[in-house]
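Subject: Structure handover

Hello,

Here is the structure I promised to pass on. Please open it next to this email and follow along.

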Amino acid sequence: MTFDLIVQFGLALFELPFREGYVSSIIYVSLYVSLAAVALSTLFSIPVALVVGLTDFPGKQFVKSVINTGMGFPSVVVGLIVLFAVSNQGPLGSLELIFTKQAMIMSQFVLATPPITAISLAAVTGVDESVRDAARALGGTRFDVALVVVKEARYGIATAVLAGFGRAISEVGSVLIVGGNITGADGISKTRTLTTAIQLEARQGQYETAMVLGAVLVALVLTVNAVVVRFGDRGVQR
Amino acid sequence: MLRASEVTKAYGTDPVFDGLSIDVDAGEVVAVIGPSGVGKTTLLGLLALSEEPDEGTVTLDGTNVWDADETKRLSLRRRVGMVFQEASLFDASVGRNVEYGLRVRRPWSDRLRNGVASLLGANSTTDAVRESLDVVGLADALDQHAGSLSGGEAQRVSFARALAYRPDVLLLDEPTSDLDPRNTAVIESAIDAARDRGIGVVVATHDMHQARRVADRVAVLLDHGITEMAPTEVVFEDPSDERTRQFINGELVY
C-alpha cells in the first residue's frame, strides 16, 4: 500500500521503531471516523441552518439556544451518553456497536453538529435578503432560493465544516470512552485514533512517539484546511 | 395583459392601497410616479405576483393569479421580470448572473448536467445571455466577476438578468435612482429595447423627467390609490385630477 510506504518512509527519518502498519492504521481510523462524522453532520446541519435561518416558526429562539449550548457541550459527557446508548443494556445494544468505529462516528457526529450548524447558520443569516428577493423574483422556487443562499454563504459554510472537522479529529474524551483505544493482536489499530494513541504513549513515557503522532495530527489538520480553502476558492476570480 | 383591479392592501392597520387599479399591456411602458413612501415598491410586489392583495384581483392574461394553485402561480410568476433599486447580483460571474432566470426554468436533469459540465470548465453561455448583455452594452463583461463591476454596470447586469428569460412583463423599481446620467441613459434605452420586444414595462420612479422620457402612459400614485392613469402627455399637460396637478407642479407637499 503506497500510503503505508510513505508513512513508513517518513517515520524512518525519525529512526523510531514503530511496528509495521501501526501508525498508518491509526491515521486511517482517525480520518475515517472524523471525515464520516463530519460528512454526516454537514448533511444534517446545512438543511437545519437553512430552515432556522430563512424561515420563522414558533420555538426558533429555543432551537438556536440548543445549537449554541451544544457547541460547548463537554465531549466526555457525549461519550458517556453514546456509551450508555450502545452498551448491552442500552437502547442500541442489540446492534453491538460498543468499541467500534461506528460508535465513535456517532459520538463525533453529536460533537461536530453544533459548531457546523451554528457557523452555517451565521453564514446563511449573513446573506443579504435582497439576494434572496432577486432569486425569487427571477423565477426561483423556494428550493432555488435556498441553493442561492448556500452558494452565497459557501465560505462561511466551509469554515463551519472545518471547525467541525477540527473538533472531531482533535477530540480525545468521547472516542476514548466509546471506542476504547483498541488495537488488534497484530498491533493494527481498530479504534485507536491519533489523539487516543498520543494520550496512551505519553502516559507510558513514550514521549518521542507521542510527539511524532502529534506532528502527524497537526499536519493532517493543516492539510485538510488547505484543501478546503483551495476548493472553496475555485471558480471565483476577483 | 397584467392587471390589478380594485386592490386593497394593508400592513397591520396601516392601509397602503384602497381600491387601486392599474394595468399594463404588451409593448408599452407605464411609469408609476408618486412621492417617496407612497407604496410604489409594494405595488410592484403585487404586480410581481409575490404579494397577495387583501382584496381585489390580480390577473395575467385573464387568469386570476391568487385563485390559481401554487404550480400555476409559479408559472405565471415566471412570466414577470423584476429589477430592484439595488442590483443584488449573485457572487458569481456576470454570465452566471444573467443566466440565472434561464437556469431555474430548466428541468433538473438539464441543470445537474450543466452544473457538472461547468465544474469541468465547459462554457454553457446561451445566445439569450449574450443578447441581453448586448442590450445594456456589457457583452464584453460576460466572464467578469460581478463583484468587480461599478454600481452602474451592476445595475445594467441586473437589467440584463431580468431580460434574459424574455418575460412578458418587466417591473423596474427605481432602476436609475443611484446611477449617473450615462448609466441612466443606457437603462432608458434598454427600456425602449424591451418595449420593442413586446414586453410590457412598469417603471416606478420619482423622477418625473424620466417618466416623461420613457413612458407611454403614466400612473400617479397618491393617497392609497392611483389618482390618474393616462397617456404621458395628458398626465403632464392636462391632468384631470386636482391632486395629480398639484403633485406634478410640486405644490403637493408630503
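First, a definition: a residue is buried if 20 or more other C-beta atoms lie within 10 Å of its own, exposed if 12 or fewer, and partly exposed in between, with C-beta atoms placed from the backbone. Gly90(A) is partly exposed because 16 other C-beta atoms lie within 10 Å.

Some ground rules. This is a predicted model, in which local features need pLDDT of at least 70 and side-chain atom pairs count only at pLDDT 80 or more, while totals for chains, interfaces and linings use all residues. Residues are numbered from 1 along each chain as its sequence is written, and chains are lettered from A and ligands numbered from 1 in the order in which they are written.

Two more terms come up throughout. Helices (H or I, at least four residues) and strands (E, at least two) are DSSP runs, numbered from the N terminus. Two residues touch, or are in contact, if their C-beta atoms, placed from the backbone, lie within 7 Å.

**Chain A overall**

Chain A has 11 helices and 0 strands. Its C-alpha atoms fill a box of roughly 65 × 50 × 25 Å, taken along the principal axes. The chain has 238 residues, and 39% of them count as buried. Take the contacts in chain A with a separation of 6 or more: 73% of these join residues 24 or more positions apart.

Back to Gly90(A). It sits in the loop between helix H4 (75-86) and H5 of chain A. Leaving out residues up to four places away in sequence, Gly90(A) touches Phe84(A) and Ala85(A).

**Helix H7 of chain A**

Which residues of helix H7 (residues 142-152) of chain A are buried? They are Val145(A), Ala146(A), Val148(A), Val149(A) and Glu152(A). Seen down the axis of H7(A), these buried residues fall within an arc of 160°, so they line one face of the helix. The arc is that of the directions from the helix axis to the C-beta atoms.

What covers the buried residues of H7(A)? The cover includes helix H2 (22-54), helix H5 (101-125) and helix H6 (129-137) of chain A.

Axes are lines fitted to C-alpha atoms, for helices over the stretch in contact, and angles run from 0 to 180 degrees between N-to-C directions. Angles under 35 degrees count as roughly parallel, over 145 as roughly antiparallel, 65 to 115 as roughly perpendicular and the rest as oblique.

Start with H2(A) and H7(A). They pack at about 105°, with their axes 11 Å apart. H2(A) and H7(A) are therefore roughly perpendicular to each other. H2(A) brings Ile46(A), Leu50(A) and Leu54(A) to the contact, and H7(A) brings Ala146(A), Val149(A) and Val150(A). By class, that contact has 6 nonpolar, no polar and no charged residues. (Ala, Val, Leu, Ile, Met, Phe, Trp, Tyr, Cys and Pro count as nonpolar, Asp, Glu, Lys and Arg as charged, and the others, Gly among them, as polar.)

Next, helix H3 (residues 60-71) of chain A and H5(A). Their angle is about 125° and their axes are 8 Å apart. H3(A) and H5(A) are therefore oblique to each other. From H3(A), the contact takes Ile67(A), Asn68(A), Gly70(A) and Met71(A). From H5(A), it takes Thr113(A), Pro114(A), Pro115(A), Thr117(A), Ala118(A) and Leu121(A). The contact of H3(A) with H5(A) has 6 nonpolar, 4 polar and no charged residues.

**Where the chains meet**

The contact takes 21 residues from chain B and 17 residues from chain A. On the side of chain B that touches chain A, helix H2 (70-77), helix H3 (94-105) and helix H6 (151-163) of chain B each supply at least two residues. H3(B) gives the most, with 4 residues. By class, this side of chain B has 9 nonpolar, 6 polar and 6 charged residues.

**Loops of chain B**

Ala164(B) is in the loop between H6 and E7 of chain B. Ala164(B) is buried because 25 other C-beta atoms lie within 10 Å. Ala164(B) and Val129(B) are 35 residues apart in sequence, and 5.6 Å apart in space, C-alpha to C-alpha.

Asp61(B) has a positive phi of about 50° although it is not a glycine. Most residues other than glycine have a negative phi. Asp61(B) is exposed, with 11 other C-beta atoms within 10 Å.

Best wishes
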